[in-house]
Amino acid sequence: MKLSEVKSALKELETIGFELPNEELVASHFHVTEVGKITKHFIDCGGVERKEEVVNFQLWNANDYDHRLHPEKLLNIIELSEKKLNITDSEIEVEYQAETIGKFGLEFNGKNFLLTNKQTDCLAKDTCGIPVAEKKIEILDIPAANSCAPGSGCC
C-alpha cells in the first residue's frame, strides 16, 4: 500500500484500527511513534547494486489509555513528515513489537489497516540458478467449453 492510499483512507475514517496477520487487533491505545523514510542500498547475491525506499510507520503499545490517535492527527504527522523528510509516495512498511521488531506490509479492508506478513526473497534467481515458479491456473480462470479457440490453451 502506498502512502497516498493511507492518506485517502484516513480521510474517511473516524477511528484507526490495525489488524495483525492472525486477525487480532493492535490495542486501541497504540501510538505511531515514528513516520520515516528508510532507504536500503545493497548488493544482491547476483552482484547487482540495488536501492529501495519505503515509508516506515512504527507502532507502539503504550500504557497511555487517555490519548487515542485519531485519523486527522496521523494525517498531520504524515504531512509534516512528507515536508521535512522529503518523503515520496512510496510503499508503507510497518514495524510492530513481537518477540523482536516485526516488519509488515500494509493493506486496507475498508475498516482496518491490515498488517501483512513479509517474506525474504532471492532477487537474483536467474544468476543463482533458482527456477522461477510457474503461475498456477485456477479452474475458474479456464474459459467455458463453448469458448475454446485454436491456440487458446484451453484444450
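Reader: In the protein, what percentage of the contacts with a separation of 6 or more comes from residues 24 or more positions apart?

Author: The model is a predicted one, and its elements run α-β-β-β-α-β-β-β-α from the N terminus on. Counting contacts in the protein with a separation of 6 or more, the share that belongs to residues 24 or more positions apart is 65%.

Reader: How many helices and how many strands does the protein have, and what percentage of its residues is buried?

Author: The protein holds three helices and six strands. Its accessible surface comes to about 10,900 Å², with 50% of that area belonging to carbon and sulfur atoms. Of the 155 residues in the protein, the buried ones make up 33%.

Reader: Which strand joins β6 by five bridges, and which residue of that strand has Phe113 as its bridge partner?

Author: Two strands can be considered here, and β1 is joined to β6 by two bridges, in a parallel arrangement. Five bridges, in an antiparallel arrangement, join β6 to strand β5, which spans residues 101-108. Within this second pairing, the residue whose bridge partner in β6 is Phe113 is Phe108.

Reader: Which residue takes a positive phi in the hairpin of β5 and β6, and what is the value?

Author: The hairpin of β5 and β6 has four residues between the strands, and β6 itself is mostly covered, with four of its five residues buried. Among the residues of this hairpin, Gly110 takes a positive phi, and its value is near 95°.

Reader: Which residues form one aromatic cluster with Phe18?

Author: Phe18 has Phe113 as its bridge partner in β6, and Phe108 also has Phe113 as its bridge partner there. The structure holds three aromatic pairs. One of them joins Phe18 and Phe30 in an edge-to-face arrangement, 5.3 Å centre to centre with 90° between the planes. The residues that form one aromatic cluster with Phe18 are Phe30, Phe108 and Phe113.

Reader: Are Phe18 and Phe30 buried or exposed, and in which strands do they lie?

Author: Phe18 is buried, and Phe30 is buried as well. Their pair links distant parts of the chain, the two residues being 12 residues apart, with Phe18 in strand β1 (residues 18-19) and Phe30 in strand β2 (residues 30-43).

Reader: The charged end of which residue sits over the ring of Phe42, and how far is it from the centre of that ring?

Author: This arrangement involves a charged group and a ring, the ring being that of Phe42. The charged end that sits over it belongs to Lys40, and its distance from the ring centre is 4.8 Å.

Reader: Why does Lys7 count as buried?

Author: Lys7 is found in helix α1, which covers residues 3-12. Leaving aside neighbours within four places in sequence, Lys7 is in contact with Leu75, Ile78, Glu79 and Glu82. Buried means under 20% relative accessible area, and Lys7 counts as buried because its relative accessibility is 17%.

Reader: Where is Cys122 found, and how many Å in space separate it from Asp44, C-alpha to C-alpha?

Author: Cys122 is found in the loop between β6 (113-117) and α3 (125-128), and it counts as buried because its relative accessibility is 18%. Once its neighbours within four places in sequence are left aside, Cys122 is in contact with Cys45, Cys128 and Ile130. Cys122 and Asp44 are 78 residues apart in sequence, while their C-alpha to C-alpha distance in space is 7.9 Å.

Notes. Residues numbered from 1 in each chain as written. Predicted model: local features only at pLDDT ≥ 70, side-chain atom pairs only at ≥ 80, totals over all residues. Heavy atoms only, no water. Buried < 20%, exposed > 50% of the residue type's maximum accessible area, 1.4 Å probe, protein only. Contact = heavy atoms within 4.5 Å. Phe/Tyr/Trp six-rings, centres within 6.5 Å; stacked < 30°, edge-to-face > 60°. Lys NZ or Arg CZ within 6 Å of the ring centre and 35° of its normal. Areas by Shrake-Rupley, 256 points an atom, 1.4 Å probe, with all protein chains shown as cover. Pairing = 2+ DSSP bridges.
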